[in-house]
Amino acid sequence: MKTGLPLLLLVLAAAPAPAESAPRPEAERAAVLVAVPAGTYAPLLRQRDEPAEVSVAPFLLEARPVTNAEFLAFVTAHPRWRRSRVGPLFADRGYLAHWAGELELGPGAPADAPVVRVSWFAARAFAAARGRRLPTTAEWERAAAAGFAGPDGAKEPGFQAALLAWLTRPTPAVLPAAGSGRPNHLGLRDLHGLVWEWVDDFGTAMTTGESRADTGLERNLFCGAGAAGARDLTDYPAFMRTGLRSSLRGSYTVPNLGFRCAQSLPASPPSAEP
Amino acid sequence: MKNQPLPRRLAALLLAAAGFLPAPLPASEGTVLAAAGRAPLAADLPVEVALLTEAPAVPPPITRRHPAKVVVRLEVREVVKRLADGVEYTFWTFGGNVPGSFIRVREGDFVEFHLDNHPTSKVPHNIDLHAVTGPGGGAASSFTAPGHSSQFSFTALNPGLFVYHCATAPVPMHIANGMYGLILVEPKDGFPKVDREYYVMQGEFYTAGRHGEPGLQSFDPAKAEDERAPYIVFNGAVGSLVGDRALQAKVGETVRLYFGVGGPNITSSFHVIGEIFDTVYLEGGVHAAQRHVQTTMVPSGGSTIVDFRIDVPGTYVLVDHSLSRAFNKGAIGMLKAAGPENPLIYSGKEVDEVYIGQASDAGVAASKREAELTIAKDKAIAANPEIANLTAEIRLERGKKVFLTSCFACHMANGEGLPGVFPPLAKSDFLAADKDRAIKAVLKGLSGPITVNGKPYNNLMPPQDLSDDQTADVLTYVMNSWGNAMGSVSAADVKRVRSDNK
């Protein structure tokens with residue numbers, strides 16, 4: 001019986017996750033960083049005393065989502081993040097459940113497809129092992145606002161429509177390769193149209209506290225209440241991203257939720273980190 | 001943990017608890033109801049699992065005369081299904097179908113509600129049941145990420161027929177994708193017994209393509225915002241209640257329809273052609289509030305219960321009597337009633353004769369004579385080859401005029417088209433093969449890959465705004481020019497194809 005084990009593992013996993021061994025160089029090579037210049041982000045929903053726009057310092061963002069092969073290399077090097085070892089506080093029962101085995105991808109998880117069914121904790125540990133971090137909501141949204149041809153996708157005919165077309169199709173059983181999508185104006189691929197992506201501060205999507213009753217804004221965005229205080233009522237994809245983020249908890253794993261890593265620019269000390 | 005999924009363990013516990021419960025006390029109803037009102041004592045109630053049905057079926061009436069703890073388990077699935085012939089749509093559903101599963105409980109029941117969001121779902125969902133008294137009607141407690149499950153409980157305080165729907169932002173989109181259904185809270189003493197009960201819901205779909213445009217259609221938020229729906233249908237698809245799928249009844253039976261409108265925007269003028277609602281429980285309440293009703297208005301997010309006795313056999317047509325929705329957008333269903341005729345109530349057609357509206361007998365005689373002479377003249381003209389040829393020539397010239405305004409820019413004045421881009425009409429095997437297809441191409445446009453005289457083309461021809469006569473003329477011209485000898489097209493042909501392909 002291993003009844004006593006989960007508790008012990010839990011304690012182990014609770015420790016911060018430093019690099020336990022050097023990441024595999026081949027996995028590193030693939031994760032090209034793209035420079036995202038300084039810009040602004042207009043949150044979809046905000047409290048009355050919050051600014052309409054926040055400025056986003058320049059930063060680096062990986063060109064595509066993290067793949068199954070890269071995540072396999074990570075769990076191989078960091079056994080505590082394997083399926084059998086991760087504690088329930090840090091990943092729910094769906095964690096990497098589409099892999100054929102503990103260290104085997106199998107037909108449901110092609111090596112070059114984006115890794116999904118990973119918790120926020122696992123995604124953060126992966127990024128830390130790589131010496132990087134998850135992007136913030138503001139950073140991710142600022143990068144994803146770029147269109148194919150110019151800096152503002154909202155101004156490109158069909159950009160929003162293409163987004164909605166993806167949003168209204170069910171998730172395929174086996175995901176296509178990460179990085180196969182059309183690059184946006186900044187050279188980033190698959191921010192839209194492949195999988196949802198974790199952001200570091202997903203929990204701030206709409207809530208100001210743990211209890212729903214004492215928040216000024218509705219965490220759940222139900223019915224007309226979801227429209228109160230919104231920036232742009234016609235930006236349905238933004239509502240859906242915000243909705244998805246606010247439905248999550250750090251231990252959740254979702255079959256169409258992956259992530260990519262970001263890195264601060266050391267050369268810009270004034271506003272590199274909030 | 002991994003070997004024994006948590007929900008299964010919970011279910012086992014729940015079953016075990018139910019098994020060890022003492023039999024419910026033969027207490028008076030009032031006492032038990034009071035217990036149901038207080039959550040700590042809900043454990044004393046007998047437990048049953050709600051039987052859910054797909055439209056148009058309705059779960060059987062509740063026969064027990066005491067409250068129960070009713071477990072409802074509803075699964076959200078995003079599925080691609082038929083919206084109309086040749087048209088598919090990604091429906092977001094409660095239970096795999098539009099409308100969602102019908103839920104039937106009794107006033108005073110304590111409902112334990114489980115909402116499961118399937119792992120393949122793209123987005124999180126929740127449920128707002130209008131039968132729930134509490135914030136968001138349950139939405140606040142049921143917000144569920146893909147591949148997760150939520151549970152909340154409520155007491156069904158108010159009897160009536162209630163809409164439920166997903167209330168996740170953007171909520172018009174979730175509802176427009178099909179996320180609605182009905183929950184019936186039967187009053188303590190039940191509704192009067194009827195012979196048949198059916199479940200029908202109206203909702204509209206905002207497809208990117210026009211009504212009838214084939215293929216998998218996306219949701220169009222701009223059309224939703226403007227409330228311009230290409231589809232307004234009953235039970236989630238055009239034709240879901242016609243032909244083999246029509247509702248059935250027999251003469252002498254009383255039929256009850258549980259009718260709701262999911263919306264998200266459009267109010268229904270609900271009407272059954274050929275019937276009068278004997279009783280309407282207005283707005284889905286529990287009082288038989290009105291009798292002998294022709295059309296009852298049902299708002300988006302609202303419902304009604306209508307009863308009617310079938311007196312004579314035939315097909316009764318359910319419509320939204322805002323009739324463009326029925327005629328052009330799909331809001332049609334059928335109820336087929338079998339049984340003996342009753343000519344005292346309805347005779348069928350008894351007289352069919354010519355009616356000529358002049359006042360005097362002399363005028364009538366003159367009109368008859370004129371009509372006969374006109375027919376004789378047309379026959380004489382048709383029999384004269386010279387006039388027939390002239391008529392055909394006039395048609396060709398008229399057709400040429402249309403061609404040189406509407407067609408020549410792409411197909412060229414010589415009918416040769418543009419190699420690889422616009423297919424030829426001259427000696428075209430594609431044209432010769434199917435006259436109706438050619439008519440349809442002019443009326444409705446043509447897109448996608450085709451092969452003409454062995455060469456592939458993949459372009460888009462827009463629909464042409466031409467009258468039946470113009471269409472017939474231009475096609476006849478095309479089919480008899482540049483060496484073509486493919487016969488002719490009549491205005492009647494065009495009219496038929498136009499109505500076949502609404």
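**View 1. The interface of chain A and chain B.** Chain A and chain B bury about 3,100 Å² between them, 65% of it on carbon and sulfur atoms; buried area is the accessible area (1.4 Å probe) that two parts lose on being put together, summed over both. This is a predicted model: local features need pLDDT of at least 70, side-chain atom pairs count only at pLDDT 80 or more, and totals for chains, interfaces and linings use all residues. Residues are numbered from 1 along each chain as its sequence is written, chains are lettered from A and ligands numbered from 1 in the order in which they are written, and side-chain values use heavy atoms, with hydrogens and water left out. The contact (heavy atoms within 4.5 Å) takes 33 residues from chain A and 38 residues from chain B.

**View 2. Polar pairs and the side of chain A that touches chain B.** Between chain A and chain B the count is 0 salt bridges (a side-chain nitrogen of Lys or Arg within 4 Å of a carboxyl oxygen of Asp or Glu). Across the interface, 9 residue pairs are in polar contact, both residues at pLDDT 80 or more. A polar contact is a pair of N or O atoms within 3.5 Å; within protein, one must be able to donate a hydrogen and the other to accept it, and residues adjacent in sequence count only if both atoms are side-chain atoms. On the chain A side, α6 (159-167) and α7 (236-246) are the elements that give two or more residues. Helices (H or I, at least four residues) and strands (E, at least two) are DSSP runs, numbered from the N terminus. α7(A) gives the most, with 6 residues.

**View 3. The open sheet of chain A.** In chain A, 3 strands form an open sheet in the order β1-β4-β7, with antiparallel pairing; two strands pair if DSSP finds at least two bridges between them. β1 (33-36) and β7 (262-264) of chain A stand at the edges, each with a single partner strand, so one side of each is left without a neighbour in the sheet. Antiparallel strands β1(A) and β4 (residues 59-62) of chain A are joined by 4 bridges. A:L33 stands opposite A:E62 in β4(A).

**View 4. Two cis peptide bonds in chain B.** A cis peptide bond joins B:A55 and B:P56, with omega about 5°. B:P56 is in the loop between β1 (47-49) and β2 (69-84) of chain B. The bond from B:G263 to B:P264 is also cis, with omega near 20°. B:P264 is in the loop between β14 (254-263) and β15 (268-273) of chain B.
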